[in-house]
Amino acid sequence: MPLEKYHAKRKFEKMPEPKGEILTKSQNRFVVQEHHATHLHYDFRLELDGVLKSWAVPKGPPEKIGEKKLAMQVEDHPVDYINFHGIIPEGSYGAGIVKIWDKGKFALLNRTASTVEFNLKGKRLTGRYTLVKVKNPKFKRNAWLLIKLRN
Ligand code: MN
């Protein structure tokens, strides 16, 4: 079930985060949320399949051509989450401050089970990017690389 993992981790009566629904129409938006949780990371989210496909990028998204950053796929988030910023209270899942680091639109260029290629049009992030699933068994199964490509 979509969003099942998202809902299972959260008690919404205590949370400022949206409960959300699955949407049928995509506006092809993306967001990067700077998340000051136990470890600072950047949540990179693409509006796909009626949800936000999500990756936690510990070192932040690449900004130079050829740069690769580890991106751990996390549970799908509701599309409503795209505007979320604020404080996730102490004791809740992901507790800490969330700020919108970048947002904008993307154009999907290609997608397979282990790759997503797209063009970003944000304020900080622009141009061609790909997400590639890491197949090396030394890495966790949710490990991907976010790579900035030549346009
Ligand atoms: Mn996060």
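Is Phe44 buried or exposed? Select Phe44: this residue is buried, with a relative accessible area of 1%. Buried means under 20% relative accessible area, exposed means over 50%, and partly exposed lies in between (1.4 Å probe, protein chains only).

Before moving on, a word on the model. This is a predicted model, in which local features need pLDDT of at least 70, side-chain atom pairs count only at pLDDT 80 or more, and totals for chains, interfaces and linings use all residues. Residues are numbered from 1 along each chain as its sequence is written, and side-chain values use heavy atoms, with hydrogens and water left out.

**Stop 1: the aromatic rings**

Search the whole structure and eight aromatic pairs turn up. To pair, rings of Phe, Tyr and Trp (its six-membered ring) must have centres within 6.5 Å; planes under 30 degrees apart count as stacked, over 60 as edge-to-face, and the rest as tilted.

Phe30 sits in strand β1 and Phe44 in strand β2, so the pair ties together parts 14 residues apart in sequence. Helices (H or I, at least four residues) and strands (E, at least two) are DSSP runs, numbered from the N terminus. Phe30 is buried, with a relative accessible area of 0%.

Together with Phe30 and Phe44 they form one aromatic cluster.

Phe44 is buried at 1%. The rings of Trp55 and Trp144 have centres 5.5 Å apart and planes at 75°, so that pair is edge-to-face. Trp55 lies in strand β3 and Trp144 in strand β9 (residues 143-148), so the pair ties together parts 89 residues apart in sequence. Trp55 and Trp144 are both buried.

**Stop 2: the manganese ion**

Which residues coordinate the manganese ion? Select His35, His41 and Asp43. Donors are N, O and S atoms within 2.8 Å of the metal (3.2 Å for Na, K and Ca); water is not among the atoms, so sites may look incomplete. Along the chain, the donors follow the spacing H-x5-H-x1-D.

His41 counts as buried at 15% relative accessibility. Asp43 is buried too, with a relative accessible area of 5%.

**Stop 3: a neighbour list**

Select Ile97, in strand β6 (residues 96-111). Ile97 is partly exposed, with a relative accessible area of 40%. Leaving out residues up to four places away in sequence, Ile97 touches Glu34, His35, His36, Gly86 and Ile87. Contact here means heavy atoms within 4.5 Å.

Then draw a distance from Ile97 to Glu13. The two are 84 residues apart in sequence and 18 Å apart in space, C-alpha to C-alpha.

**Stop 4: the salt bridges**

How many salt bridges does a search of the whole structure find? The search finds nine. Each is a side-chain nitrogen of Lys or Arg within 4 Å of a carboxyl oxygen of Asp or Glu.

Show Glu75 and Lys9. Their side chains meet in a salt bridge at 3.3 Å, N to O. Glu75 lies in strand β4 (residues 68-77) and Lys9 in the loop between α1 (4-8) and β1 (29-36), so the pair ties together parts 66 residues apart in sequence. Glu75 counts as buried at 7%, whereas Lys9 is partly exposed at 36%.

Show Glu17 and Arg10. They also meet in a salt bridge, at 3.2 Å, N to O. Glu17 is buried at 4%, and Arg10 is buried at 8%.

Show Glu117 and Arg128. This salt bridge is 2.5 Å, N to O. Glu117 is in strand β7 (residues 115-122) and Arg128 in strand β8 (residues 126-133), eleven residues apart. Arg128 is partly exposed, at 26%.

Finally, highlight Lys9, Arg10, Glu17 and Glu75 together. Salt bridges that share partners join them into one network.

**Stop 5: two loop residues**

Select Asn28, in the loop between α1 and β1. Its phi is near 55°, a positive value in a residue other than glycine. Asn28 counts as partly exposed at 28%.

End at Asp49, in the loop between β2 (40-48) and β3 (51-57). Phi of Asp49 is near 60°, again positive in a residue other than glycine. Asp49 counts as exposed at 51%.
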